[in-house]
Amino acid sequence: MLSLPQEFLHKMAGLLGEDYPAFAASLAGTSCQGLRINTLRVSVGDFLSLSPWDLTPIPWCSTGFYYRESDRPGKHIYHFAGMYYIQEPSAMAVAEYVAPQPGEWVLDLAAAPGGKTTHLAALMGGKGLIVANEVHRGRAQVLAQNVERLGIPNVIVTNEQPQRLAQYFPRQFDRVLVDAPCSGEGMFRKNPAARGEWSPAHAFSCAERQLRILESVPGLLRPGGWFVYSTCTFSPEENEGVVSRFLAEHPDFYVEHVPRGSGVEPGRPDWVAGPEELARTVRFWPHRLAGEGHFIAVLRRREGTEPRRPSSEANRAKDYLDYRSVIENILSRVPQGRPVKVGHQLYLMPADTPELAGLKVIWPGLHVGTFKKDRFEPAHGLSRILRAEDVRRVVDFPCDAPQLARYLRGEALPWDGPDGWYLVAVNGFGLGWAKLVKGVLKNHLPKGLRQTSQY
């Protein structure tokens, strides 16, 4: 039985009434485990044919599946290959409600560690622009690592305050996601730290911070666009209360009616004496479905005069040809994008990326490689978007091959073939690079990613 704050339990009993016993019993139960297939790397059908586990579909996410805790998919080579993201099942609903379309501009305002950013990218088919922002630099680095691991081609990771982003992107985004920092009540059975930090005062302070974050949204979202506000807490003050206060200050926004699947409950305007449209928000309750607590609101901005989105600098033919010339001897399929050289590094940015000078950019796009004195070295990030058929030379192993463990430890491998760069892959999915020199594959897996455990 969890040790929960008595003030929290008393508060929930008053809110839920006859539903409270079932709610309390759910908190004493076990959490659900979920993974979301990264369809930028592998189709759902192909992954299920490769999966060593019996997976059960998550109703509200077509790429999400429950797994058993004993399966430990985070320890499998397919996780290293970026074929899926381990994510709490209820949290998978958030990006589905954002519903981004290929080619749009999308902002994930509080994006670390990257579950929702990578989900948005998959829903967009890797097309368009996602600015994934995180105000804490350390967490922004983790976000960038997950973007790289899953092979996301259309994400820029920034480390900025929301007000700064509004200066650079005035009312430019089609959709904005604010997955707000909160008191974490919905994660009590998963997260002991959230239980220890909880107090009524903490919940109220979270609500004030959330409202401050939302105040930046009108400066970022275009007329007719929408934003999604989500939390992983039950607290009405942080959920319906924050939305109600935002609507009162911004009459050009309204709560969009969204479908609710089985077990998903409507918001509760009566808990905050708010407008009836708050019933269009949705709540995920652990006693109603197989997932943790979540709150989601979709707010649309009324149509108006849309500011003109600045056009990005067109790719110059010479730059594009130079980019192809340095990479086509390694690849049989050259990725599309806007090639940008930063110092000795070559990146591919989304084609319509605007000017970013002056912003704190952690990840400016897909890292293609590094120019050395007399050569070009492909970057690890490039390997994460590649399949065996995309490269001229590949070393492809089944997932149980002992050579994979050796490669992940950073060891060199014997191999017969012509000298040059090779993609090291598992079942056709790129893991990293090696360079064959006189029958020895020299390991180029970044040292920080090398593994000591056995897959």
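How far is the sulfur of C182 from the closest cysteine sulfur, and in which residue does that sulfur lie? The closest one belongs to C232 and is 3.5 Å away, which is too far for a bond. This is a predicted model, in which local features need pLDDT of at least 70 and side-chain atom pairs count only at pLDDT 80 or more, while totals for chains, interfaces and linings use all residues. Residues are numbered from 1 along each chain as its sequence is written, and side-chain values use heavy atoms, with hydrogens and water left out.

A disulfide is a covalent bond between the sulfur atoms of two cysteines. Here it is taken as a pair of cysteine sulfur atoms within 2.5 Å, and by this rule the count comes to 0. C182 has a relative accessible area of 17% and is therefore buried, a term that means under 20% relative accessible area, with exposed meaning over 50% and partly exposed in between (1.4 Å probe, protein chains only). C399, at 30%, is partly exposed.

The strands and helices named below are DSSP runs, numbered from the N terminus: helices are H or I runs of at least four residues, and strands are E runs of at least two. Two strands pair if DSSP finds at least two bridges between them. Strand β3 (residues 61–67) has 6 of its 7 residues buried, so the strand is largely enclosed by the rest of the structure. Strand β1 (residues 33–37) runs antiparallel to β3 and is joined to it by 4 bridges. Strand β2 (residues 56–58) is also antiparallel to β3, with 3 bridges, and a hairpin of 2 residues connects β2 to β3. Within β3, F65 is the bridge partner of L35, and F65 is likewise the bridge partner of P57.

An open sheet is formed by 4 strands in the order β14-β15-β17-β18, with antiparallel pairing. The edges are held by β14 (338–342) and β18 (376–378); each has a single partner strand, so one side of each is left without a neighbour in the sheet. On average, neighbouring strands of this sheet are turned by 25 degrees against each other, direction ignored; the axes behind such angles are lines fitted to C-alpha atoms, for helices over the stretch in contact, and angles run from 0 to 180 degrees between N-to-C directions. Strand β17 (residues 366–371) is joined to β18 by 3 bridges, and F371 has F376 as its bridge partner in β18.

F371 also takes part in a contact with a charge. The charged end of K341 sits over the ring of F371, 4.5 Å from its centre; this description requires NZ of Lys or CZ of Arg within 6 Å of the ring centre and within 35 degrees of the ring normal. Likewise, R387 lies over the face of F429, at 4.0 Å from the ring centre.

Helix α11 (residues 240–249) is another enclosed element. Of its 10 residues, 7 are buried, so the helix is largely enclosed by the rest of the structure. These are E240, G241, V242, V243, S244, F246 and L247. They pack against α10 (200–214), β9 (221–231), β10 (253–255), β12 (282–284) and β13 (294–301), where contact means heavy atoms within 4.5 Å.

The aromatic rings come next. A pair of aromatic rings is described by the distance of the centres and the angle of the planes. Rings of Phe, Tyr and Trp (its six-membered ring) pair if their centres lie within 6.5 Å; planes under 30 degrees apart count as stacked, over 60 as edge-to-face and the rest as tilted. The structure holds 22 such pairs. In one of them, the ring centres of F47 and Y84 are 5.5 Å apart and the planes stand at 65 degrees, so the pair is edge-to-face. This pair links distant parts of the chain, with F47 in helix α3 (residues 44–50) and Y84 in strand β4 (residues 84–86), 37 residues apart. Both F47 and Y84 are buried. The rings of F169 and F173 have centres 5.1 Å apart and planes at 50 degrees, so this pair is tilted; both residues are buried. Ring pairs also link F8, Y20, F23, F188, W198, F234, W271 and W285 into a cluster.

Some backbone details remain, in the loops. The peptide bond from A112 to P113 is cis, with omega near 5 degrees, and P113 is found between β5 (105–108) and α6 (115–123). A273 is not a glycine, yet has a positive phi of about 50 degrees. A273 is placed in the loop between β11 (265–266) and β12 and, at 74% relative accessibility, counts as exposed. K438 also has a positive phi, near 55 degrees. K438 lies in the loop between β22 (429–437) and β23 (440–443) and is exposed, at 76% relative accessibility.
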